[in-house]
Structure formats: structure tokens, C-alpha cells
Amino acid sequence: MAWLFKRQGTSCAGARDGTPAPSGYSLLPWLLLGLGSLSNLFHGETANPLIGGLGLLAFNSLYVYVAFRSFVKETREAPSTRVALVLMTGVTCALALAYGGTWLLFFPLLGLATGAAVRFPHLRPTGAALGVLAGAVAVSHDGWDGLGIAYATWISTMVTAAILSLSDAVRQLRAAREELAHRAVEQERLRFSRDLHDLLGHTLSVVVVKAEAARRLTTRDVEAAQSQLADIESVGRQALTEIREAVTGYREGSLSREIDGAVSALRAAGVEPVVRRSGPPLAPQTEALLGWVVREAATNVVRHSGASRCEIAVTGDGERARLTVTDDGRGTGHPRPTGGTGLRGLTERLATAGGTLTAGPERGGFAVTAELPTDAVEGAGHVVGSVGGTDGDAVPATAGSPAP
């Protein structure tokens, strides 16, 4: 059995070495056990050599048939394979009872074929019954010394089945590992496509808006135009950094930074930004996800809404954080949450984190609302007020360039 262990072990371990999976060829060398019986036939030491030769041919043919069908689940469990095993058992018993001696070695060969073709949960009773049958036939010829044939038959059945079952398990684990790797690649592609869409969509929108503002200001306010051009340079440099971080997967968004960027973009587009924030501090992952929502929603306001005012509100109660971005624009100019690539991607992002995203017309404008678990730490709330607003409780925001 050492050769079988070595062969199967090498095949099972070959996840990277290209070793082929085991097949019926692994069991063929064991037919050499029948050379003694073949020698008896040629030397005339067997009565009725024609019958013995036909029996030997029938056994070898059935053994090869079962061996090659045992390495594919569908053929292994087919009725024809079971019938072949039964016929093989009958031929083995007939030859052993008729001739004894070296012909008893066909029982361990029968055990090999049985171990290859029969698996759990039927293996144990089948192996035990085959061992008892081999022992009874061998003892009738050789007395108690025939118990060695019984043990050899039982152990060949169980060890063969164990090795092949282990081989199947290794192949299944290898296939599962390859499937997991394939899914990981798909998830990484999806992550990168979402990040790239959100990064470039927002950045290019800001660049376009600020470039338009700079063009309008060049003839009447050179200093303000230069400020807009400086903002374009800053946005471009920041975009390069964010794209590099997105490629490596280490980008952690900051909600405050995204709100500041949204304020700057809105003001450059002539939209009055109003920012309100209250509640406990949020976990980094929650802030990063809400930052993506602010970025996408502000980009849509600049590109689609035609609004004159946009409010960004962040609230939390210690368990859930809520972000709302509303504008007073046309209300129907935004992409739908299931149709736009950005909002659809954000919906999927938040869903995986246990949150929700809704978007649609509201009070003559458009609103995007995101909710997420806060995972907040202890701390007092803080407020960021309005930029250029008329509300009495608003304070100037700290980010953004002057409106043109």
C-alpha cells in the first residue's frame, strides 16, 4: 500500500505543481498480485486450466472496469459499477474455493476495487462483510492461517477508500479556494470601479465649474480668477493622491474633508451651501461612507439640479447616523438611485455596512438621505453652520473659496 499512499499523496498535494488528479491507473499495478495464479496456469499446477484462465480473465476485466469508473462520482455510483462489483465478488469466491493458495490473493484485490467504488456511509458495513467473507473462504482452505487474508482484504478496502476520499476532499478545497480567489478579484474590481467613478466624477465636475468661474472672472477680477485657478490646481493634486490611495485600497475618507470640498464646489457653481452637523463623533468607516455620499450628492447638485441653495445635514443619536443632502433645484434633473452609476454604487456600499440610501424629489427639490450605524465613541456633538446663508443660528463654514 506504500506505493498507493505515495501516488495519491503526490496528486493531492499538487495545488501548484501541476500534478494530475489520480485515476484508475493508480490501481492497475496491484494486478501483479495475480502473477502467482497465472504462473500456476502455465505450469499446469491448476486443475481445469481453461476454467481457471477464463476466471482470471473475467476477474481482471471486471477489476479494470471498476477501477476506471471509481474516480468519477457519476460513474462510481452508477448501477453498472455495483453490478460489476457483485460479479467480481462471485468470481473471486469461485476461484478461491476452487483453487485456494495464491488464488486467495484476489480477495485483497477485490478489497481495493471495493474501497475505490464504495464510499461512506456504506463503506464500513461493506468492508466488514467483505472481510468476513474472505476470512470464511480462506479459513476453509488454510485453517486459521487464512485470517491473514481476511485482515488484508479489510485493510485494503478501508485504506483505499480513506486515501481516495482525502484526495476528493483536497480537490474540492482547491476548487473552493480558486472560487474564493475569483470572487475576491471580482469584488476588488467592483470596489475600484466605484472608487474611480466617485473620485473622477466629483473631481472633474469641480474642475469644470471652477474653470468656468475663472474664465468669467479673468476680465473683471484677476485676483479672484487666480484664486479659482489655485483651487483647480489643489483639487487636481488631491485627486491624484486619492486615486493612488484608491488603487492600493488604503483610502479612508474624511467626512469633514468631503463636506469642505462640497462647500467649495457648490459655491463655485453659484449654489449657496448650508451645512449643519450635530451628534456624537462617528467611527472612521462610517465617516468614510458618508463622505462618499456627500461627494456624489454634491456632484449631482452641481451638474444636474440648477439649484440656488443646497443643505447638508449630519445628525446622530449614538446608534444611527443620518446624512441628508437637499437642494431647491428642479427635482427631476438628478439621476435615479437605481439608474445612476454613482448612487447605485453607494446604495450597494451602504447596504453591505448595514445602512440605507434613498434619493428622490422632495418639496420642489431633490434629496439624498443616507443612514448608517454610528459606532460612535463618547464625545460631544459639534455644529458646522451655513455658508452665505440667512439662518440666524448658522455660523460661517471654514472651507471653500469665495463665491465668484
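## Helices α6 and α7

The axes of α6 and helix α7 (residues 123-142) come within 11 Å and cross at roughly 170°; axes are lines fitted to C-alpha atoms, for helices over the stretch in contact, and angles run from 0 to 180 degrees between N-to-C directions. That makes α6 roughly antiparallel to α7, a label for angles over 145 degrees. The model is a predicted one: local features need pLDDT of at least 70, side-chain atom pairs count only at pLDDT 80 or more, and totals for chains, interfaces and linings use all residues. Residues are numbered from 1 along each chain as its sequence is written, and side-chain values use heavy atoms, with hydrogens and water left out. Helices (H or I, at least four residues) and strands (E, at least two) are DSSP runs, numbered from the N terminus.

On the α6 side, the contact (heavy atoms within 4.5 Å) involves Phe107, Leu110, Gly111, Thr114 and Gly115. Their counterparts in α7 are Leu123, Thr126, Leu130, Leu133, Ala134 and Val137. The contact of α6 with α7 has seven nonpolar, four polar and no charged residues. Here Ala, Val, Leu, Ile, Met, Phe, Trp, Tyr, Cys and Pro count as nonpolar, Asp, Glu, Lys and Arg as charged, and the others, Gly among them, as polar.

## Helices α5 and α6

Helix α5 (residues 79-99) packs with helix α6 (residues 106-117) at an angle of about 170°, and their axes are 10 Å apart. The pair α5 and α6 is therefore roughly antiparallel. From α5, the contact takes in Thr81, Arg82, Leu85, Met88, Thr89, Thr92, Cys93 and Ala96. These meet Phe106, Phe107, Leu109, Leu110, Ala113, Thr114 and Ala117 in α6. Ten residues of the contact of α5 with α6 are nonpolar, four are polar and one is charged.

## The sheet

Five strands form an open sheet in the order β1-β2-β3-β5-β4, with mixed pairing; two strands pair if DSSP finds at least two bridges between them. At the edges stand β1 (272-277) and β4 (356-362), each with a single partner strand, so one side of each is left without a neighbour in the sheet. From one strand to the next, the twist averages 10°. Helix α10 (residues 255-268) packs on the sheet and touches β1 and β2 (309-316), and its direction makes about 160° with that of β1.

Strand β3 (residues 320-327) pairs with strand β5 (residues 365-373) in the antiparallel sense over eight bridges. Thr324 has Thr369 in β5 as its bridge partner. The pairing of β4 and β5 is also antiparallel, over seven bridges, and Glu362 stands opposite Gly365 in β5. The hairpin of β4 and β5 has two residues between the strands, and Arg363 takes a positive phi near 50° there.

## Cavities

The structure holds two cavities of 30 Å³ or more. A cavity is a set of points, on a 1 Å grid over the protein atoms alone, where a 1.4 Å probe fits but cannot get out; lining residues have an atom within 4 Å of a point. The largest cavity has a volume of about 40 Å³, a volume being the space filled by probe spheres set on the points, which are joined across faces, edges and corners.

Pro22, Ser70, Phe71, Arg76, Arg119, Leu164, Ser167, Asp168 and Arg171 line the largest cavity. Helix α8 (residues 147-217) gives the largest share of this lining, four residues. By class, the lining has three nonpolar, two polar and four charged residues.

Technical notes
Angles under 35 degrees count as roughly parallel, over 145 as roughly antiparallel, 65 to 115 as roughly perpendicular and the rest as oblique. On a 1 Å grid over the protein atoms alone, a cavity is a set of points where a 1.4 Å probe fits but cannot get out, and a pocket is an open set with protein on both sides within 12 Å along at least five of seven lines; lining residues have an atom within 4 Å of a point.
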